[in-house]
Amino acid sequence: MEQLPIVRPGERVVARSDGKGGLILGVEKIKGREFAASAGCSGYVLDARLLMDVLGSLKMPGSWFQVWCKLVALQNANRADDQVRVAARGFVKTSQRDLQVRCDLSAASVNEASQFFAHIGWMRTAKRGILQLNPWLTVAGTSGEQEKWQALWNAAPGPACIIPHPNYPAEWREARAAEKKAIEAARRQEKVVTLRRRRPAAKASA
């Protein structure tokens, strides 16, 4: 067995394809919270521990966490899979129905989770059935590929990224509920105009 790389504080292990179906392990420095500060930076800017810390602190339904994990898992950038890839590298091909099956969740749960992660700028719809996860939050390729995907996100333009505080999911739900109530109240206040029925034309007498 080959010796595993030594990981020092401020570093992380990265895995890259060797082009033959195997993986090459390496070590690189972590740039930390840079992804949260600006969308102008490029290359590797993910701190996986920071992202997991954020996810671990969010008081959100478990179904949302399931959906996010499945989305990240579907973002496979292994070059060995190029022949069977269903979406371009750095993108995810899926649908609400597909996520329902993969997560064993209801349509409402998957839809709410998808809307939340799109709202906080962790993913966007590139086109029908194709999603792009925020390239500052997920690593799915080389540094050069990361720069390419970051440029695509900015050109879209992708939604602004938010690193939410623990209670933000509940606040977002409350805001959505209040918005729905306001829309419903406005709809009820609309005047309903009753149309008069036309009287049938009298038949001419013989």
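Ser63 lies in helix H3, which spans residues 62-74. Helices are DSSP runs of H or I with at least four residues, strands are runs of E with at least two, and both are numbered from the N terminus. The model is predicted: local features need pLDDT of at least 70, side-chain atom pairs count only at pLDDT 80 or more, and totals for chains, interfaces and linings use all residues. Residues are numbered from 1 along each chain as its sequence is written, and side-chain values use heavy atoms, with hydrogens and water left out.

Ser63 counts as buried because its relative accessibility is 14%. Buried means under 20% relative accessible area, exposed over 50%, and partly exposed in between (1.4 Å probe, protein chains only). Leaving aside residues up to four places away in sequence, Ser63 touches Leu105 and Ser109. Contact here means heavy atoms within 4.5 Å.

Helix H3 has 13 residues. From first C-alpha to last, H3 reaches 19 Å, close to the 18 Å expected at 1.5 Å a residue. The expected span is 1.5 Å times one less than the number of residues. The buried residues of H3 are Ser63, Trp64, Val67, Trp68 and Leu71. They cover an arc of only 140° around the axis, so they sit on the same side of H3. The arc is that of the directions from the helix axis to the C-beta atoms.

Three strands form an open sheet in the order E3-E5-E4, with antiparallel pairing. Strands E3 (92-93) and E4 (123-127) stand at the edges; each has a single partner strand, so one side of each is left without a neighbour in the sheet. Two strands pair if DSSP finds at least two bridges between them. E3 and E5 (residues 130-133) run antiparallel and are joined by two bridges. Lys93 stands opposite Ile130 in E5.
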